[in-house]
Amino acid sequence: MNLFRNFAFTLLILLPALLISDSSRLYVNAAESEDAVEGEDIDVNVETNSEIVDSEDETLSGLKASPDVDVTVLFTKPSGNGFELPVGKEVHFLVGFLNKGSRDFFVDTMDASFRYSQDFNFYLQNFTTFAYNRVVKPKQEVTLSYQFYVSDVYTPRPYGLSVNLYYRDADNKQYLSPVFNETINIVELDEGLDTETFFLFIILAALVVLGLVGAYQLLQSFGKKHISSTSSKPKVEVGTSNHEDVDYDWLPQSTIKQLNKSPNQSKPNSPRQRRAKKE
């Protein structure tokens, strides 16, 4: 019993150490394999569809570029070398096709795709294939246009951009020229004022104007109510307080004498009475 207990105790002590050593060995192997993939000085042949690709002139489909053709690319939107593309925007570029040979070439199609930056054999998105069907005579050059849209789902980081041009000669032999096959960066543009922000400012300005108009109307109605309340006080008719301006000439003399004798009435102040008092 004690022997079994000692054996179990020893096993519990040694088991974590064995697990740690195995995990460390796996981590070292993974790091070595990752360094081998990402190393710049190591030549790696990529096998795809049973075809070995070990030359820059030969593509995965087995097609090569013709030595009698020169292809150039120029990015017009955004302008530059095409190594930085804005997210959520259209990308436009022109491709120049120069026939240096003595035979006709037929330009068929051109396509573009986003690839994984660490492995260009891994596709992220294929863009529309443009068909041109152009005939290029010897010593002649034509310009082809292409455009695609960078979706908003892409996060700003490096991606692989591959643009391929397909054409054939008079013998109907197919060729492929890699127009652009580089790692690019997708970036976010720091625009000062976009459309959504502009309309947001317009809505806020309209709300401020409506608030000012409403406050003005409220103050105006309040002022009118205040003026009407002060002007609606009852007016008291005080009558004629100055009895000297009353004319008693139309009254009979007996009534005037009676009024003069009354102590509660003010004395009549008619012109006739004034002359009588003076006399």
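**Reading contacts in a predicted model**

Visitor: Is D108 buried or exposed?

Guide: The scale is relative accessible area: under 20% is buried, over 50% exposed, and anything in between partly exposed (1.4 Å probe, protein chains only). With a relative accessibility of 13%, D108 counts as buried.

Visitor: What joins the side chains of D108 and R168?

Guide: A polar contact of 3.2 Å joins them; the term stands for N or O atoms within 3.5 Å, where within protein one must be able to donate a hydrogen and the other to accept it, and residues adjacent in sequence count only if both atoms are side-chain atoms. D108 and R168 also form a salt bridge, their closest N and O atoms lying 3.2 Å apart. This pair links distant parts of the chain, with D108 in strand β7 and R168 in strand β11, 60 residues apart. R168 is partly exposed, at a relative accessible area of 25%.

Visitor: How many salt bridges does the structure hold?

Guide: A salt bridge needs a side-chain nitrogen of Lys or Arg within 4 Å of a carboxyl oxygen of Asp or Glu, and the structure holds 4 of them. One of them joins the side chains of K100 and D70 at 3.3 Å, N to O. Because K100 lies in the loop between β6 and β7 while D70 belongs to strand β3 (residues 69-77), that pair ties together parts 30 residues apart in sequence. K100 is partly exposed at 36%, and D70 is likewise partly exposed at 34%.

Visitor: With which residue does D171 form a salt bridge?

Guide: D171 pairs with R103, and their closest N and O atoms are 2.6 Å apart. D171 is in the loop between β11 (158-169) and β12 (174-187) and R103 in the loop between β6 and β7, so this bridge ties together parts that are 68 residues apart in sequence. D171 is exposed, with a relative accessible area of 53%, whereas R103 counts as partly exposed at 39%.

Visitor: How is a pair of aromatic rings described?

Guide: It is described by the distance of the centres and the angle of the planes. Here rings of Phe, Tyr and Trp (its six-membered ring) pair if their centres lie within 6.5 Å; planes under 30 degrees apart are stacked, over 60 edge-to-face, and the rest tilted. A search of the whole structure finds 19 aromatic pairs. Among them, F93 and F148 are edge-to-face, at 6.4 Å centre to centre with 65 degrees between the planes. The pair connects distant parts of the chain, since F93 is in strand β6 (residues 90-99) and F148 in strand β10 (residues 141-149), 55 residues apart. Both F93 and F148 are buried.

Visitor: What is the geometry of the rings of Y116 and F122?

Guide: Their centres are 6.2 Å apart and their planes stand at 85 degrees, so this pair is edge-to-face. Y116 is partly exposed at 33%, and F122 is partly exposed at 47%. F122 lies in strand β8 (residues 119-126).

Visitor: Which residues do ring pairs link into a cluster?

Guide: The cluster includes F75, F83, F93, F114, F127 and F148.

Visitor: Where does the backbone call for attention?

Guide: K77 and P78 are joined by a cis peptide bond, with omega about -5 degrees, and P78 is found in the loop between β3 and β4 (79-80). N133, a residue other than glycine, has a positive phi near 55 degrees; it is placed in strand β9 (residues 130-136) and counts as exposed at 61% relative accessibility. N172, also other than glycine, has a positive phi near 65 degrees; it lies in the loop between β11 and β12 and is partly exposed at 49%.

Notes. Residues numbered from 1 in each chain as written. Predicted model: local features only at pLDDT ≥ 70, side-chain atom pairs only at ≥ 80, totals over all residues. Heavy atoms only, no water. Helix = DSSP H or I, 4+ residues; strand = E, 2+ residues; numbered from the N terminus.
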